[in-house]
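Work through the two exercises below with the sequence and the model at hand, and try each task before reading its solution.

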Amino acid sequence: MTKAMKSFWKYRFLMRELVIKGIRLKYRKSYLGIIWSLIEPLMTTFVLVLVFGTLFNKFKDPTFAVYIMCGRLLYSFFSSATKGSCKEIRKQASMIKKVYVPKYLYPLSNVVFNFVIFLISLVVLIPVMIYSQQMPTWMIWQVFPALIELFALSLGLGFILAVLDVYFRDTEYLWNVVCMVIMYMSAIFYPVERLAKSGHAWILKYNPLYCIIDQMRGGMLGYQVSLWEYLYPAAVAVVVLAIGIIVFKKKQDNFILYI
């Protein structure tokens, strides 16, 4: 652990440059730049509220916009961070072959720069909450464990996917399909009651991403979530992160043979 910390500290400036580079590349052809990370979720949420609010008779519910926005923002980060990490090692193949750099910096920097953009995009919750006439309560503290668990889960999966993609090039496409399934299983744009009435509530209970999203919604809308929704995603995030670190460390020396 001490050796890993010394290595990270030694390359901290490179890590910072990789994060900055990732943000610049994401918006290099956009006139609005990072402002687009604020406009895009607002536009998407408006459409989702209009369509699904009407479909599920929630259009007049003032909290529905916040409900959708929380799910939309958290899933967007999860999807972008894991998909980006999946192809990060192959994308940096030329650099890896030329100079020595700790390879974990590449998927890590991808998750970090997506997390920075995600944190900035949370600003859009302010006008949505004002529109929904929702004032923050002491329950807002639930947002912080949700963000930590989300980051750890995304980073762990990012490490695992980065390794798999080096050896199995179809991983990127398979994960796109998995992400779509996760989206529909996370109650992002439909009311939870709809799934509960069908007798498939267990899908949400055992989906760590949904539990994290519900923590976020609880913090923003002022309701307390169950203890399960704290402990379960935290346990899953720790296990996935540990597996990701171990697998990545074990396989990283062989990357150069396959990229």
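Helices (H or I, at least four residues) and strands (E, at least two) are DSSP runs, numbered from the N terminus. The model is predicted, with local features needing pLDDT of at least 70 and side-chain atom pairs counting only at pLDDT 80 or more, while totals for chains, interfaces and linings use all residues. Residues are numbered from 1 along each chain as its sequence is written, and side-chain values use heavy atoms, without hydrogens and water.

**Exercise 1.** Determine which helix gives the most to the lining of the second largest pocket.

Solution. A pocket is an open set of points on a 1 Å grid over the protein atoms alone, where a 1.4 Å probe fits, with protein on both sides within 12 Å along at least five of seven lines, and lining residues have an atom within 4 Å of a point. For this pocket the lining comprises 22 residues, and L25, E88, K91, N110 and F113 lie nearest its centre. Two or more residues each come from helix 2 (12–26), helix 4 (64–86), helix 5 (88–91), helix 6 (93–98), helix 7 (105–121) and helix 10 (171–184). Helix 2, with five residues, gives the most.

**Exercise 2.** Describe the fold and the burial of the protein chain.

Solution. Begin with the elements: the protein chain has 14 helices and zero strands. Next, consider its extent, where the C-alpha atoms fill a box of roughly 60 × 45 × 35 Å along the principal axes. Finally, 49% of the 259 residues count as buried, that is, under 20% relative accessible area with a 1.4 Å probe and protein chains only.

Definitions and conventions. Buried < 20%, exposed > 50% of the residue type's maximum accessible area, 1.4 Å probe, protein only.
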